[in-house]
Amino acid sequence: MEKFIVEGGKRLTGTVRVSGSKNSALGILVAAALADGECLLHNVPDETDIRIMIDILIELGVRVEWLEANTLRLRTAHLRSYQAPYELVRRMRASFYVAGLLLARVGKAEVPLPGGCSLGSRPVDFHLKGFQALGADVSISHGLMKAEATRLIGTKIYINRSSVGTTVNLMLAASLAEGQTILENAAKEPEVVDLAIFLNGMGARIKGAGTNVIKIDGVKKLSGTEYTIIPDRVEAGTLMIATACTRGDVVVEEVVPEHLRAVVLTLQEAGVTVEEDLTRFHVVSDRRPKAVDTETAPYPGFPTDLQQPFVALMSTADGTSIIRETIFDRFRYVDELRRMGADIKVERDTAIVRGVERLTGAPVEVTDLRAGAALLCAALGAEGATEMVGVEHIDRGYERIDQKLRALGARITRFHAEGEWPSQE
Ligand code: EPU
């Protein structure tokens with residue numbers, strides 16, 4: 001167990017660089033294993049989820065090496081197994097992407113079903129329906145998905161809800177299928193576009209990524225390539241919200257401003273100054289934010305992954321904001337925010353947040369990644385010390401976040417729970 005002690009109330013100032021996108025990297029790492037040659041990936045964030053995916057790929061026979069801090073080399077001569085190990089798969093939902101890889105490359109996949117998680121029940125029925133449409137025989141028994149296809153055959157697939165994971169998995173599978181696959185109602189998230197550009201760099205023929213119709217002309221073989229992963233829009237948004245929570249003045253660099261349009265407009269509506277150039281945001285806040293109502297939506301809407309930090313910001317807004325969550329069941333962290341003095345009522349999919357003047361530090365527990373980001377934002381702006389346990393959830397998807405925040409002036413110390421000694425940097 002890891003924990004943070006955050007001494008709140010310190011204004012964040014300075015410049016911070018955003019890491020590569022976790023969710024983009026997860027799909028791209030698996031896609032790299034479709035290549036017959038060597039792939040070199042830059043800007044890979046060194047985070048727990050990425051390390052879990054690397055371990056799964058190694059188990060399947062992919063050779064993976066870190067060349068330097070954020071550069072990975074992957075080589076896949078052949079996959080030695082079509083069975084993904086339960087112990088690793090159960091730790092991360094995105095590991096289900098290896099189903100698309102195995103079906104495309106080996107024609108056979110046995111992947112444990114990802115269970116529910118702290119975001120509620122998260123089925124993979126759309127993924128399975130897609131594999132079946134591509135001609136795979138899919139069965140489920142004892143929590144294991146078994147799929148088999150001598151050859152995947154392209155077809156038209158309607159994805160019932162524009163699911164990111166389904167779009168990624170089917171793009172992986174269809175890249176090496178016979179003929180054309182058309183994904184209707186595909187996800188338009190920047191991570192899907194990043195994957196398409198990467199796959200096309202390997203020789204795939206994918207058109208329309210970023211729109212809701214993606215056409216994939218299957219090819220016989222994919223080859224190695226070199227690629228740089230896009231910046232993490234969720235980390236960027238978290239840092240912007242953290243700045244606003246501390247009434248700070250921060251330049252967030254290495255961003256694609258276009259990817260955060262809804263977030264910038266919402267922050268501006270709350271009275272936060274956000275200026276941008278090609279790759280940076282300058283975020284300044286010198287007063288209590290105004291209450292803003294919003295709801296999460298697939299891209300380009302307000303991202304579900306920033307709903308929690310945004311609720312933390314609205315906790316000290318002037319007025320009452322209504323935040324609706326339309327993608328997942330993602331309000332469990334609210335009880336912890338209440339311990340810090342937030343006045344939030346949750347009714348089904350909606351949080352009614354009555355802004356208070358100030359939050360106060362308290363012991364809190366992190367239960368998932370974005371809940372951790374919300375509590376961290378709240379703690380940075382709160383009066384007094386917040387003790388956060390369960391920080392390993394934050395490490396799943398934020399690279400060295402405590403170091404980055406310290407460099408902006410935050411008072412935050414990491415402890416390993418056993419020894420209670422500050423960890424080395
Ligand atoms: N859904 C189904 N059946 C399926 C697949 C999805 O009912 O087979 C539902 C989900 O339950 C959800 C909706 O469709 O209500 C959309 O889910 P989606 O498939 O888009 O989510 P995901 O692929 O599981 C990715 C990100 C999430 C992010 C969501 C939404 C990765 C690895 N994960 O999840 O990121 O919140 O898209 O944008 O890309 C995070 O980083 O903290 C995180 C949870």
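**View 1. The centres of domain 1 and domain 2, taken over C-alpha atoms, are 30 Å apart.** This is a predicted model, in which local features need pLDDT of at least 70 and side-chain atom pairs count only at pLDDT 80 or more, while totals for chains, interfaces and linings use all residues. Residues are numbered from 1 along each chain as its sequence is written, and side-chain values use heavy atoms, leaving out hydrogens and water. Domain 1 covers 3-19 + 231-420 and domain 2 covers 22-228; these bounds come from an automatic or database domain assignment. Where the two meet, 24 residues of domain 1 are in contact with 23 residues of domain 2 (contact means heavy atoms within 4.5 Å).

**View 2. Helix α1 (residues 22-32) packs with helix α2 (residues 48-60) at about 5 degrees, their axes 10 Å apart.** That angle makes α1 roughly parallel to α2 (angles under 35 degrees count as roughly parallel). Axes are lines fitted to C-alpha atoms over the stretch in contact, and angles run from 0 to 180 degrees between N-to-C directions. Helices are DSSP runs of H or I with at least four residues, and strands are runs of E with at least two, numbered from the N terminus. On the α1 side, look for Lys22, Ala25, Leu26, Leu29 and Val30, which meet Asp49, Ile50, Met53, Ile54 and Leu57 in α2.

**View 3. The charged end of lysine 3 sits over the ring of phenylalanine 415, 6.0 Å from its centre.** For this, NZ of Lys or CZ of Arg must be within 6 Å of the ring centre and within 35 degrees of the ring normal.

**View 4. The peptide bond from tyrosine 299 to proline 300 is cis, with omega near 10 degrees.** You can find proline 300 in the loop between β17 (294-295) and α10 (307-314).

Methods: Parallel < 35°, antiparallel > 145°, perpendicular 65-115°, else oblique.
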